[in-house]
Amino acid sequence: FVCNIMYKLFSDILIRQDVLLSVLPLYHIFCFVSDYLSPLMRGNVLCLNGSVRDLFKNLLIFKPNQMRVVPMIAQAILGRVRAIQAKSPGLTAAEAAAQVTGGNLDMMLSGGAYLDPALCEAFDEMGIFLRQGYGMSEVSAAASFSVNELFKPFSVGLPSVTTTIGIFDTETGVEKDYNELGEICIKGPSVMKGYFKRPDETEHVIRLHD
């Protein structure tokens with residue numbers, strides 16, 4: 001957890017004294033680390049959404065600057081923005097988005113599933129930065145993140161300085177180039193020691209490559 005919340009690229013975006021709206025379940029490790037541990041350590045304001053049914057009401061109440069989302073939530077926000085544009089064709093994407101999000105939202109980081117680059121580009125038109133990272137519970141959430149406009153919509157960003165990522169052949173264990181298909185292997189202090197009292201499952205997931 002400490003490794004994740006001290007991730008330099010991720011911490012840079014939390015230097016701002018922002019208001020965050022937490023919409024993901026607390027038991028979701030992406031939410032626990034990036035909505036609770038990291039922002040609160042830096043003195044950000046954290047607002048709790050509660051039921052997902054209240055999302056659009058709470059966006060207008062709290063007027064957040066940042067959110068952590070899964071692609072489905074981003075798609076729902078885009079759908080609401082486009083519905084407003086359909087009723088008021090004279091509105092720009094940014095103006096319609098302000099009516100949905102409260103007018104302050106300029107950053108959304110996505111995890112948990114593949115993020116369609118077309119979705120990122122649609123949010124770019126609204127003036128809202130939406131990008132994704134890569135990770136899993138077994139590495140304490142994030143192994144890499146895209147945190148600024150330098151990262152293309154299809155990118156999952158850069159690993160932290162304490163994390164090494166390699167691609168290995170699943171049969172031979174030989175390391176491959178990043179543009180080749182293979183098994184993604186992660187090394188670093190954020191990697192778990194193992195599943196609690198489940199040595200067989202641990203041995204299947206945690207293994208060494210040369």
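Helices are DSSP runs of at least four residues, numbered from the N terminus. Keep that in mind as you work through these exercises on a predicted model.

**Exercise 1. Find Met126 and decide: is Met126 buried or exposed?**

Step 1: locate the residue. Met126 sits in helix H7, which covers residues 117–126.

Step 2: bring in the cut-off. Buried means under 20% relative accessible area.

Step 3: compare. Met126 has a relative accessibility of 6%, so it counts as buried.

Step 4: look at a partner along the chain. Val205 comes 79 residues away from Met126, and their C-alpha atoms are 41 Å apart.

**Exercise 2. Describe how helices H5 and H6 are arranged: what is the angle between their axes?**

Step 1: know what to look for. Two packed helices are described by the angle between their axes and the distance between the axes.

Step 2: get the values. H5 takes in residues 71–87 and H6 residues 93–101. Their axes come within 9 Å and cross at roughly 120°.

Step 3: The crossing of H5 past H6 is right-handed.

**Exercise 3. Work through the salt bridges: how many does the structure hold?**

Step 1: start with the idea. Side chains of opposite charge can pair when their charged atoms come close.

Step 2: give the count. There are four salt bridges in the structure. Let's go through some of them.

Step 3: take Asp54 and Lys57. Their closest N and O atoms are 3.9 Å apart. Asp54 counts as partly exposed because its relative accessibility is 28%. Lys57, at 49%, is partly exposed too.

Step 4: take Arg131 and Asp124. Here the closest N and O atoms lie 3.5 Å apart. Arg131 has a relative accessible area of 4%, so Arg131 is buried. Asp124 is partly exposed at 36%.

Step 5: take Lys176 and Asp169. This salt bridge has its closest N and O atoms 4.0 Å apart. Lys176 is partly exposed at 25%, and Asp169 is partly exposed at 22%.

**Exercise 4. Look at the backbone of two lysines: what is the phi of Lys63, and what is the phi of Lys197?**

Step 1: read off Lys63. Its phi is positive, about 50°, although Lys63 is not a glycine.

Step 2: You'll find Lys63 in the loop between helix H4 (55–62) and strand S3 (66–69). With 39% relative accessibility, Lys63 counts as partly exposed.

Step 3: read off Lys197. Phi is near 55° for Lys197, again a positive value in a residue other than glycine.

Step 4: Exposed means over 50% relative accessible area. Lys197 reaches 70%, so Lys197 is exposed.

**Exercise 5. Compare distance along the chain with distance in space: how far apart are the C-alpha atoms of Ser155 and Pro117?**

Step 1: Ser155 and Pro117 are 38 residues apart in sequence, and 8.8 Å separates their C-alpha atoms. Ser155 is in the loop between strands S6 (141–145) and S7 (158–159). At 17% relative accessibility, Ser155 counts as buried.

Step 2: do likewise for Ile184, a residue of strand S10. Ile184 and Ile165 are 19 residues apart in sequence and 7.0 Å apart in space, C-alpha to C-alpha. Ile184 is partly exposed, with 42%.

Step 3: finish with Leu48 of strand S2 (residues 45–48). Leu48 and Phe62 are 14 residues apart along the chain, with 9.4 Å between their C-alpha atoms. Leu48 is exposed at 52%.

Conventions:
Residues are numbered from 1 along each chain as its sequence is written. This is a predicted model: local features need pLDDT of at least 70, side-chain atom pairs count only at pLDDT 80 or more; totals for chains, interfaces and linings use all residues. Side-chain values use heavy atoms; hydrogens and water are left out. Axes are lines fitted to C-alpha atoms, for helices over the stretch in contact, and angles run from 0 to 180 degrees between N-to-C directions. Helices (H or I, at least four residues) and strands (E, at least two) are DSSP runs, numbered from the N terminus. A crossing is left-handed if the near helix is turned anticlockwise from the far one by less than a right angle, and right-handed if clockwise. A salt bridge is a side-chain nitrogen of Lys or Arg within 4 Å of a carboxyl oxygen of Asp or Glu. Buried means under 20% relative accessible area, exposed over 50%, partly exposed in between (1.4 Å probe, protein chains only).
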